[in-house]
Amino acid sequence: MHLSKYLLIHNRLTLAALGVLISIGCHQPALESPLISHAGWMIKLPQEERQAVTNLLRTGQFTRLNQLYEDLQRQYENGLINDRDLTLQYQPFNNTSHENESLLNQWVENSPASYPARLARGLYYARIGVEHRGAKTTANTPTAKIQDLHYYLDLSNKDLIDSLPLTSKPTVSVLRLLKSSKHRDGKQVNRKWLDYANRIDPKNYEVRREFMITLAPRWGGSHDEMWAFLKECQDEHLQIEYMKALEARIYLDQAEEWCCERHQPEKGLAFYRTVVSLLDGIDIKEQLDALTGIVSNRDKSQSLMAMVP
């Protein structure tokens, strides 16, 4: 495998995103969503799809938004799409434009019992909080930014908790609650959200993946805990692609630790190589992160040609 593999995967991820089959015409948006394909791994909703949803929000078409997302939720709860497919469709609400806050408030006021409305506003507030905090370590983050994060997570959590009884499988809400819990609540609460998700969707992937991340050393866990959780997933007979993706998450974390924290890129590159091999044919973010890691660290150790199969 050569540098061209990096470019191939990057292009495949981009092209895969174009395969999402939700269609909202700019002239006359559809009232219901067609069935989404399970094929492949999507990591980003195409810009035109995100913009179409944003246009519905900004023109106050709350009934259409309810119909669209309630139909998606029914497809998920009936087993026609999986939790990955459904989670992807909520990406438009990660848009933190200030204009969107008042529109989301109007949607909730218009449809107080709408699961999508509550979830969408909860996602929005959580993303605002994360942006206010920034990406630096806690030690290097001003107290005011941490307080901002907690303020917006409180707003988010209220909507997300309120959304839970509004549908039978609120898995996307639970995923966001786990992501928020990771910042402040600790292992016991993290586990509570995992158990909740596993009860309502025993074969979910997204919440398991996020829980695996909470077990990483940077979040107060350890690689031993990550491996133990992988064994737990194996005992639950999770499908093979999900198992490979979760295992790759552990190797990726080890690679980043060796390269970025221990400054031993030759060891880190070996872990990146394992991720690439393990995820052959599974084009997800971990695959692209591993290839990026190889490219960015190749001059610090052996050549890229020597390290990548």
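**Briefing: salt bridges, a helix pair and loop residues**

At 65% relative accessibility, His237 counts as exposed (buried means under 20% relative accessible area, exposed over 50%, partly exposed in between, with a 1.4 Å probe and protein chains only). The model is predicted, so local features need pLDDT of at least 70 and side-chain atom pairs count only at pLDDT 80 or more, while totals for chains, interfaces and linings use all residues. Residues are numbered from 1 along each chain as its sequence is written, and side-chain values use heavy atoms, with hydrogens and water left out. Helices (H or I, at least four residues) are DSSP runs numbered from the N terminus, as are strands (E, at least two).

**Loop residues with positive phi**

- His237 sits in the loop between helix H11 (223–235) and helix H12 (240–261).
- The phi of His237 is near 60 degrees, a positive value in a residue other than glycine.
- His263 is placed in the loop between H12 and helix H13 (265–278), and its phi is also positive, at about 55 degrees, although it is not a glycine.
- With a relative accessible area of 61%, His263 is exposed.

**Thr96**

- Thr96 is found in the loop between helix H4 (83–89) and helix H5 (98–110), and is buried at a relative accessible area of 19%.
- Its side chain makes a polar contact with the side chain of Glu131 at 3.0 Å; a polar contact is a pair of N or O atoms within 3.5 Å, where within protein one must be able to donate a hydrogen and the other to accept it, and residues adjacent in sequence count only if both atoms are side-chain atoms.
- Not counting residues up to four places away in sequence, Thr96 touches Tyr124, Arg127, Ile128 and Glu131 (contact means heavy atoms within 4.5 Å).

**Salt bridges**

- The count comes to 19 salt bridges, each defined as a side-chain nitrogen of Lys or Arg within 4 Å of a carboxyl oxygen of Asp or Glu.
- Arg118 forms a salt bridge with Asp159, with the closest N and O atoms 3.1 Å apart.
- This pair links distant parts of the chain, Arg118 being in helix H6 (residues 115–133) and Asp159 in helix H7 (residues 143–163), 41 residues apart.
- Arg118 is buried at 15% relative accessibility, and Asp159 is buried at 2%.
- A network of salt bridges links Arg118, Arg121, Lys158, Asp159 and Asp162.
- Lys187 and Glu225 meet through their side chains in a salt bridge (2.9 Å, N to O).
- Lys187 lies in helix H9 (residues 187–200) and Glu225 in helix H11, so this pair ties together parts 38 residues apart in sequence.
- Lys187 is partly exposed at 42% relative accessibility, as is Glu225 with a relative accessible area of 27%.
- A salt bridge also joins the side chains of Glu256 and Arg218 (3.5 Å, N to O).
- Here the linked parts of the chain are distant as well: Glu256 is in helix H12 and Arg218 in the loop between helix H10 (206–214) and H11, 38 residues apart.
- Arg218 is partly exposed, at a relative accessible area of 46%.

**Helices H7 and H8**

- The axes of H7 and helix H8 (residues 171–182) come within 10 Å and cross at roughly 150 degrees; axes are lines fitted to C-alpha atoms, for helices over the stretch in contact, and angles run from 0 to 180 degrees between N-to-C directions.
- That makes H7 roughly antiparallel to H8, since angles over 145 degrees count as roughly antiparallel, under 35 as roughly parallel, 65 to 115 as roughly perpendicular and the rest as oblique.
- The contact is made by Leu153, Ser156, Asn157, Leu160, Ile161 and Ser163 of H7 and by Ser173, Arg176, Leu177 and Ser180 of H8.
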